Amino acid sequence: MSTEPELIQSPLSQSITRDGHALQVDIYRLEEEVDWVLEVVNETGTSHVWDDRFATDQAALDAVHEAIDEEGITAFLD
């Protein structure tokens with residue numbers, strides 16, 4: 001019987017609010033993986049998962065801040 005790998009949540013996961021809109025930023029990896037996954041969920045529950053994986057959780061957090069700065073928070077809204 002195989003067990004499912006544990007999901008490791010980064011302590012850098014957080015909520016970001018800009019221009020009156022809140023985004024939940026989730027940064028996680030499977031316990032046997034080394035690279036981090038970046039997922040942003042908007043107020044209506046729509047999830048945006050980056051295709052790229054990140055070597056560190058800080059790199060993932062930097063990427064979401066960069067995307068918000070360049071595209072605006074509306075890029076993550078429905």
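These are my notebook entries on a predicted model.

**Ground rules.** I number residues from 1 along each chain as its sequence is written.

**Entry: salt bridge.** I looked for a side-chain nitrogen of Lys or Arg within 4 Å of a carboxyl oxygen of Asp or Glu. The count is one salt bridge. R18 pairs with D69, and their closest N and O atoms are 3.0 Å apart. R18 lies in strand β2 (residues 14-18) and D69 in helix α1 (residues 57-71), so the bridge ties together parts that are 51 residues apart in sequence. I take helices (H or I, at least four residues) and strands (E, at least two) as DSSP runs, numbered from the N terminus.

I then checked accessibility. Buried means under 20% relative accessible area, exposed over 50%, and partly exposed in between (1.4 Å probe, protein chains only). R18 is partly exposed at 28%, and D69 is exposed at 56%.

**Entry: the core.** Next I looked up the largest nonpolar core. I count as a core a set of buried Ala, Val, Leu, Ile, Met, Phe, Trp, Tyr and Cys residues joined through side-chain atoms within 4.5 Å. It has 17 residues, and V25, L38, W50 and V64 touch the most other members. β3 (21-30), β4 (37-41) and α1 each give at least two residues to this core. The largest share, six residues, comes from α1.

Contact here means heavy atoms within 4.5 Å. Beyond residues up to four places away in sequence, L38 touches V25, D26, I27, H48, V49, W50, F54, A60, A63 and V64.

**Entry: rings.** Which aromatic pair does the structure hold? I searched the whole structure and found one pair. W50 and F76 are stacked, at 5.9 Å centre to centre with 20 degrees between the planes. The rule covers rings of Phe, Tyr and Trp (its six-membered ring) with centres within 6.5 Å; planes under 30 degrees apart are stacked, over 60 edge-to-face, the rest tilted. W50 sits in the loop between β5 (47-49) and α1, and F76 in the segment after α1, so the pair ties together parts that are 26 residues apart in sequence. W50 is buried at 19%, and F76 is buried at 6%.

I also noted a charge over a ring (NZ of Lys or CZ of Arg within 6 Å of the ring centre and within 35 degrees of the ring normal). R29 lies over the face of W36, 5.0 Å from the ring centre.

**Entry: N42.** Is N42 buried or exposed? N42 is buried, with a relative accessible area of 6%. I place N42 in the loop between β4 and β5. A polar atom of its side chain lies 2.8 Å from the backbone oxygen of F76. Leaving out residues up to four places away in sequence, N42 touches A22, L23, H48, F76, L77 and D78.

**Entry: two loop residues.** D35 is in the loop between β3 and β4 and is partly exposed at 35%. D35 and L23 are twelve residues apart in sequence and 22 Å apart in space, C-alpha to C-alpha. Beyond its neighbours within four places, D35 is in contact with R29, R53, F54 and A55.

D19 is in the loop between β2 and β3. Its phi is near 50 degrees, a positive value in a residue other than glycine. D19 is exposed, at 71%.

Technical notes
Predicted model: local features only at pLDDT ≥ 70, side-chain atom pairs only at ≥ 80, totals over all residues. Heavy atoms only, no water. Polar contact = N/O pair within 3.5 Å; in protein donor to acceptor, adjacent residues only side chain to side chain.
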